[in-house]
Amino acid sequence: MSDRTAPVETPSSARGVKDPAIQVENVRKRYGALEVLKGVNLTVAVGQFTAIMGKSGSGKSTLLGVIAGLEPPDEGGIRIMGQNLAGMSDRDMAELRRRAIGIVFQGFSLIPSLSALDNVLLPTFFAAQPPAAERRQRAVDLLKQVGLGERLNYRPSALSGGEQQRVAIARALMNGPSILLADEPTGNLDQETGTAVLDLLLDLGRTHGTTLVIVTHDPDVAAKAGRIVEMKDGRISDARS
Amino acid sequence: MNSLRYALSELAFRRGRSLVTVSSIALAVLVVVVLTALATSYARAIRVPIETVGADVIVQVQGDIPPKLEGLVFPHPNALLPAGIVAQIRAMPGVISLTRAVYMWDLEPDRYASILGIDDDEVGLAGLGERLTGGKPIDAGSKAVLVDSDYAAKNGVKVGDTVKVGDAAFPVAGIVDAARGGKLVRADIYMPLGVAQALAAAAPEVTALYPFGPADANLVLVKADRERLEGVVAKITALLGKQGVVSSELSMRQALSGVLFLSQSMGLIIAAIISAFAAAFVWRATASAVTERRRELAILQAVGWSWPQIREQVLIENLMLAIAGATIGLVLAFAVTLALGQVSITLDLPWDLSSTPHFIPSATVDRSQTITAPVAISWSMAALAAAGSVLIGLVAALAVLALPRPQPWSLLRSE
């Protein structure tokens, strides 16, 4: 990622035009000789719940990484809430992720040395505002919302898989992001826990008015989405509402 | 949560690695500081014999053995130093002051004594006056002499007695404890330079070898600017040629290098090797810690940390390890030097610097001198070692973080 600071564009919403939350334009991504994304176009409206489905290797997870700004595309453009990611510096990209994007991973991805509460606080680590006490209170409230009010100071190793994923959801929501990206969020959980976690994610997403994009294999998960995008061989093969 | 708390959690979580890293830094600091303290103490000890003479450089010229070993003779390391040469030495840059002396043996069938006639200054007669154990001091105009306490005890000499030097007799004005001043440039009988010069100029066994005049000497003690000591020694050596014997702490160090296995440079070399090992270890520990935490660093990027912010966090962690290591190392070094207390070294002093006739058994003296010097930490070296540790910690972290890193998504994705 470049360290150059890109000119910050004025989001078109600020100009009175309603932008989509996510706009992917002709994105291509290659790993060596293997082209994983072959000119993908996708638009996700604000507040929409979209499920991206497809077989392993179809490119759905790579597409999510590209949208998150954690995997640079080789070609094409991404706009998040009207902001073009192309040429954005590492610092600006980090700022955008911190401000606008929450991510939930299949493998929970918590910091093992930190407590549940400190993990949730990570996105606000460098924030000057709101004050620390307020931030802490918000993290506590989020952990209570995900049912972990009694486990604030537990390290990840002392939590079950479902509990860890709930901590990850609370962390993803900590900064009140406009967009929540989830990469197989129930993939490492049993059916019952997976359903509970997914319901929680949808519920909180709805409550916070968040645009939700979930990558999943699971048709039951996809069934709850307002829109399903099928990926096959690096292309979107079908999109239905 | 702030950076320090996060760093502490991280270091405590990986306590095995933290402990090993801190220990290696502490060990390096300990070794560097203690070896430097020892080396400095030894270096100080080497300087002691020359320092006790009161001069920085002792100048002599090698000569010949007298044809007959009787009466007043010059030992062969104390050949003629003409007044003109002495004047040239005095004029050399870096020479602060110069004391002339005439050193002789008085070889009689029934007795032996070493005689030193010396200028009346701090290094010479005035300095001897401070070591009086009885009687009174003498000056340049005196007709009396001072007698060494060992010689006086062995020969039953008291203040007010008369001692013979060559054919002349001199009243004893005082007894001096010259041993307190070390074993270099030491004699049994001390007298004003002028008196000794006159005796030497009239001594057949001296004049048989050298055209000794009443203004000449055969031993010169030089006080020099310590910053320019090497230059002064080099110039005098060049002036006197291969017959010159120029002694200083530099030549003592050279001559005693076999005894002093831990010279200053050796200490520094060992310390440098250990520091290099410690630096390599810290680099390796940091590299494997960062490799181990690649996924964790990717998570931080995913939750909105920029790479400079991540780098700052890793630097803080390494800085804490380095400070902890340096602190423990310094505390241990302080404890070790306190336990060592002082170094003790026995030096076999060069015969040339206070020659005695080895063919007279009763004149032979023990030339070994045991010197002790306190072992004290050099605070500048301690500060340097601590700063070096911090630098090693920071450079290791920066070097590791500068290595190419995988895209964070590749470490976090589900597929």
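Look at chain B. Among its contacts between residues at least 6 apart in sequence, what share joins residues at least 24 apart?

A: The share is 80%. Two residues are in contact if their C-beta atoms, placed from the backbone, lie within 7 Å. This is a predicted model: local features need pLDDT of at least 70, side-chain atom pairs count only at pLDDT 80 or more, and totals for chains, interfaces and linings use all residues. Residues are numbered from 1 along each chain as its sequence is written, while chains are lettered from A and ligands numbered from 1 in the order written.

Chain B has 415 residues, and 41% of them are buried (20 or more other C-beta atoms within 10 Å of the residue's own, all placed from the backbone). Chain B has 14 helices and 13 strands. These are DSSP runs, numbered from the N terminus: helices are H or I, at least four residues, and strands are E, at least two.

Chain B also touches chain A. The contact takes 22 residues from chain B and 31 from chain A. On chain A's side, α1, α2 (90–100) and α3 (116–121) each supply at least two residues. The largest share, five residues, comes from α2(A).

Now chain A's sheet. It is open and antiparallel, with four strands in the order β2-β1-β4-β5. Strands pair if DSSP finds at least two bridges between them. β2 (34–44) and β5 (83–84) of chain A stand at the edges with a single partner strand each, so one side of each has no neighbour in the sheet. β1(A) (22–31) and β2(A) pair over eight bridges. In β2(A), L37(A) stands opposite K29(A).

Methods
Buried ≥ 20, exposed ≤ 12 C-beta atoms within 10 Å, placed from the backbone.
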